[in-house]
Amino acid sequence: MKNFNYSDENIYDRDILIAIPSMVIAVATLFLPRELASVTIALDGILALLIGGSITILITWMIVKLASRFPQQSFLTYTSLLINKPIAVLLTCFFIWYGILVVSYEVRAIATISHLYLFDKTPIEVIALNFLLVVVYAVSGSRSAIFRLNALFFPIIILIAMFVTILSFRFVVIDNIYPILQTDVKGYIEATKKSVISLSGYGQIGFLLFYISLIRNPVKTPGKAVFGMSSVIGINLLIYTMCITVFGNLATSNLMFPTIELARTVEFPGGFFNRFESLFFVVWTIAIFTTSVIAFDAAVMGLQSLLPKVNKLKFVFFLSPCIYFLSSLPKHSPEVGDAGRLIGTYGLTLTVTVTIILWIIYIVRK
Amino acid sequence: MIKRKNIPLLLSCFLLIFLTGCWDYEEIEERAFIYGLAIDMAENHSSTLPAIKMTDQVIVPSGTGTSPSQTGGGNQPAYRNLSISGTSLVEINDDISKMASRTLFSKHLQVIIISEEVARQPKLLPKLLDIFTRGQQMRRGIKVAISQGDASSLLDIKPEHSKVPAEYINFLLENQKHAETIKALRIGKMQEYFLSELSFNIPFLYIINEKNIENDGMAVFNGRQGKMIGTVTGEEAKSRNLVTGEARSGNLVVDIGDEQATFEIKGTDSNFRLINKNKANPDLEVNIEVEASLNENFNTTNPKNKLSKYEKFVEEKVRTLAEESISKAQHELKTDIFDIGTYLHGHHYPYWQSIKADWDSGENIFSKSNFKVKVNATIKHSGNTLRSKGSSQ
Amino acid sequence: MKAGDIMKRRSETTRSTAQKQSNKQESAKQEFPIEIESSLDKNIESIKQMLGDPQDLVIRELTVGANNIKGAMVYISGLIDKELVNNNILKTIQMNLKHFDTDPLDNICQEVIAITDINKVTTLDKVSYAILSGSTAFYLEGYTTVLVMGAAGGESRSIEEPPSEALLRGPREGFVEKIDTNMALVRRDIRDPNLRFKTYEVGRRSKQKVVVCYVDGIVDPALVEEINRRLKSIDTDYAMDSGQIEQWIEDSFLSPFPQMNDTERPDRVSTSLLAGKVAILVEGTPFAIVAPTTIADALSSMEDYNHRWLTGTIIRFLRYLSAFIAMFLPSLYIALVSYHPEMLPTHLVFSIAASREGVPFPSVVEALAMAITFELLHEAGVRLPKLIGSTIGIVGGLVIGEAAVSAGVVSPIMVIITALTAIASFTTPQYSVALAFRTIRFVFMIAAAVFGLYGIILVYIMVNIHLVNLKSFGVPYSVPFGPVFFKDWKDMVIRAPIMMLTRRPAYMKTNDEKSKDKDVHSS
């Protein structure tokens, strides 16, 4: 009764604009202020964020520009066109594996953090399983619906970030911004590295190589993608600045999740909820959810391009137990952190190398 | 769309989780809300193993008189104090929960009162307070105060307008805008001081009578030594607040000629300047801006035309107070009570890195520094009357 | 190949085979239609036999012309307009048909009868159908053709204010059960020659008229085609309300959300038509359905447009708030009270704790019990006659409000929560949407009981996933929020000044985008 498609599986330019913050803003945003504060002095991390942000924007632009040169062609298609089929298959497999890793990490991270802040006795496995089931539900829907979902959730995430920022103005201590520019070069390099990893969403922007193919006419898409990336940098800048000015550099570098701690500090006098750390965290769950969904869907998309004849749901139901298994591997929260760093390095390296190689070949062949 | 035959499968998955859920379900009336907390030394502590006595003030909701349906709730106490001794706060809390009929819940904890004795133990306080920044139930907004004598006895007083002593203390700390007190210190801020090993001040409370507590003066805590050094009285705290520009209210009694006049402080502002970076005895300049208004005048002259003269007197007075305060900090307490460390860290970072270990401990550069106080006073207005009664002109 | 598409395809094929079968049956029936015979008596006998010689079947025999040819008028007494039949048919035939030289039926048809709707039929089933739908059949001895004259009438309700969608400001007329009246009501609003009414017949036995209504030139032809296709797939004996038609043609039968608007208001239908939507009027019900619809439509009322934009917008925001309260408040209460008391202000925590002291049930049970009690009261209030209905209010108020609290069964705060939720759920302008909210509320409550806020957010995410996957005639249900159509926000999220509402909804892909000429307003 319903093979009637007003809006089909194609997506719009502005969906990419929203998709970028949706996939990049996740767990990493919760502790980026700590990572920056631990290697820089006072508010100097801003510089690193800006440099790192510019690099990330450049990477994003390169990815989107490249992919938009091959409109409505899947990653597999144009990579085999540029290089050859076996290598294209191999690269797709790398990305699939990366997607699986990211989902597992996010699922485990949300379980760990909610265990820290929301629950006491509820087993981590149950929290993770619930979250994963909801992710599976989203992925088993249509692909363009995921982008619509992002559009629904994006304002909520921006709103809660703004809310925390505005309410914590009351706790700002101006002295915390001093001293200015005292960090040594090594610190900046380290901080820039960290901010690139975090801002690129552990390299998740690489999935744009897959998704641009859904846009019918991706002419303006690179611009929109850059805009979307800038919004991520904006949010991170805001949160980082607030953390440093409220807690000071030393305390920030000693807090497990400075961003959540910021929400914990905020008190909303006279409201029905005068503290809303739980609310903040729960809303952040949405951000982590969109990230996981896109990573999962990208993995499924990669598999679909390799085996076009298999039903999508089969991939989903095949992948979810694997993801659940992977997510239960780390023994404790430090291991989750280590896993995050590994995945981030892997993802970013993969994304950047693939993009640069493809660009070089593209230019040479032209 | 999910494949239809999978729906029962998914549904049973969800049901399974729902049915086995509710691990953290805890009714609100089954929780015991800790509102205030007092930390004392245990009676039989030795120097090697400092035993601590902790007192939890737990709210009894039906006694708070907030529920209209409860009859006779007025006579019931609104709180109960549970105290036990031990070596670590977590352990003590565990023991206390054995006494409480309900689950202890400390996310509504508002104040921590620490007895002077505990604070004076070297390096004990930072260790004790670790739980309050590490624990997931804790918030960085919890206020901290030092009490003269027993901390737990503060939780036993019977305030007149509040049913819960800790609530009274909480408001006392929060709403004080008097010049002789310092603003409330929160546990988060304290952690920052501990981490940077700077010295800081804690509000100081003492019992006046069985119904009242006074928040007056402050306790001085030396960051490097990790212990409380001494106390500063209310009058001296006001001088200190003038130096740091934190005085927002309060009075200045100034001798003008033979008679005295009282000025109300409307606002102060101050900044430090490091004049030379001598590592043995640096020169520091303090600029204090004072805004005041004339409240009481025993002089017979009309102050209206002589405000600049009055300003001179006020400046003189403020300078004297500031210098007294600095001298006390340098020579008696040997501790930086003005947060100059933060200034140096922020504005003279390399210099600070080289001296921070010897700032107010060890070599104690702070006490050897030369301070130069500059005051600029402005009198905003001189009141509604021109001449005082009985003046002759 | 997307999995969803396969699913669709599959259901498609099963449905179309079912349709084919039913078509086969119908065509089997029509293969041998009984022809009208020339003998009048035989004809009357066969019509009597077909209809079972009911009491209300009137057969008025008469003779026509100088030759005294026998004739008969056949109709069902309750379905016709007596006056019309007497004056315009019976009288004219008897008075004018004295002499005729040519074919008398042609004569009657073209010259005599003062009735516009007149047809010649030759088969028995067509005659019986015409009689059953209120026409009068005229037999003439010796002719195998029957004249069928539309003079339908009978009792019907007059136009009244729609009770389910009352407005303070706006037209006070509502649809009635007669489809002709309803069509006329829409015509009166839109005097555009492009306004189209396409009639379908639905119901194997009821043979109801279903009219699809749209404005040619605005509407996307693909949409009309799709509605066509779906209407044809309906396979039922009788649809008593448009609600049943709606369920036959909706996209997802698993969703709690209505995928079409139902309305009693002609103005709502007209506005929707001009926005490029399609309305479906069904004979025998005052409820029209409008498709497609989105979640933003669910919370907008016609009245928003009749007040000034600022107040209209504020009232709309109020409605968003109330939708939020109606869905989330009880679950938030459960989550905050039993999982996250730290989120509440300290004093409120103590007073809630004090008021819950002595309540024997956990807060979930308390909340569920109160919510169910309220639903009971609501249901009872709807079912009872209006006179007794008011007593329900008193009983409910006393039982929930006073007695339960003083008996210590529920806490006073819970009563406030229940009352607020109830009030909030009544502000939703669309009853079918309010029903969806009320259903979802219980899911939220259970989720809150199991996982607190985390459970609520997971269910919230799931509701959103459902919404983005749901489509109403191909239009995503989550429009204009996702995919974002910023241009539509000024009409669907806020209610911008009327001069700014110059474009038809972008998501509708209308053929004629501008609904007003901007120059008219600027000059």
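**Exercise 1. Which residue forms a salt bridge with B:Lys328, and how far apart are the closest N and O atoms?**

Before you start, keep in mind that you're looking at a predicted model.

*Solution.* 
- Step 1: Start from B:Lys328 and look for its partner, which turns out to be B:Glu236. The closest N and O atoms of the two are 2.9 Å apart.
- Step 2: Check the cut-off. A salt bridge needs a Lys or Arg side-chain nitrogen within 4 Å of a carboxyl oxygen of Asp or Glu, so a pair like this one counts.
- Step 3: Now place the two ends. B:Lys328 sits in helix 8 (residues 307–333) of chain B, while B:Glu236 belongs to helix 7 (residues 234–244) of chain B.
- Step 4: Zoom out. Searching the whole structure over all chains gives 44 salt bridges.

**Exercise 2. Describe the interface of chain A and chain C.**

*Solution.* 
- Step 1: Count the residues. On the chain A side, 50 residues are in contact with 54 residues of chain C.
- Step 2: Look at the area. About 4,800 Å² is buried between the two chains, and carbon and sulfur atoms give 65% of that.
- Step 3: See which helices of chain A take part.
- Step 4: Check for specific pairs. Between chain A and chain C the salt bridge count is zero, but four residue pairs are in polar contact, both residues being at pLDDT 80 or more.

**Exercise 3. In what order do the five strands of the open sheet in chain C lie, and which helices pack on the sheet?**

*Solution.* 
- Step 1: Trace the sheet. The order is 1-2-4-5-3, and the pairing is antiparallel.
- Step 2: Find the edges. Strand 1 (57–64) and strand 3 (118–121) of chain C each pair on one side only.
- Step 3: Follow the twist, which averages 25° from one strand to the next.
- Step 4: Pick one pairing. Strand 4 (residues 135–140) and strand 5 (residues 146–150) of chain C are joined by four bridges; C:Ser135, for one, has C:Gly150 as its bridge partner.
- Step 5: Finish with helix 4 (residues 104–112) of chain C, which touches strand 3, strand 4 and strand 5. Its direction makes about 150° with that of strand 4.

Methods
Residues numbered from 1 in each chain as written. Chains lettered and ligands numbered in written order. Predicted model: local features only at pLDDT ≥ 70, side-chain atom pairs only at ≥ 80, totals over all residues. Heavy atoms only, no water. Contact = heavy atoms within 4.5 Å. Buried area = accessible area lost by both parts, 1.4 Å probe. Polar contact = N/O pair within 3.5 Å; in protein donor to acceptor, adjacent residues only side chain to side chain. Pairing = 2+ DSSP bridges. Helix = DSSP H or I, 4+ residues; strand = E, 2+ residues; numbered from the N terminus. Axes fitted to C-alpha atoms, helices over the stretch in contact; angles between N-to-C directions.
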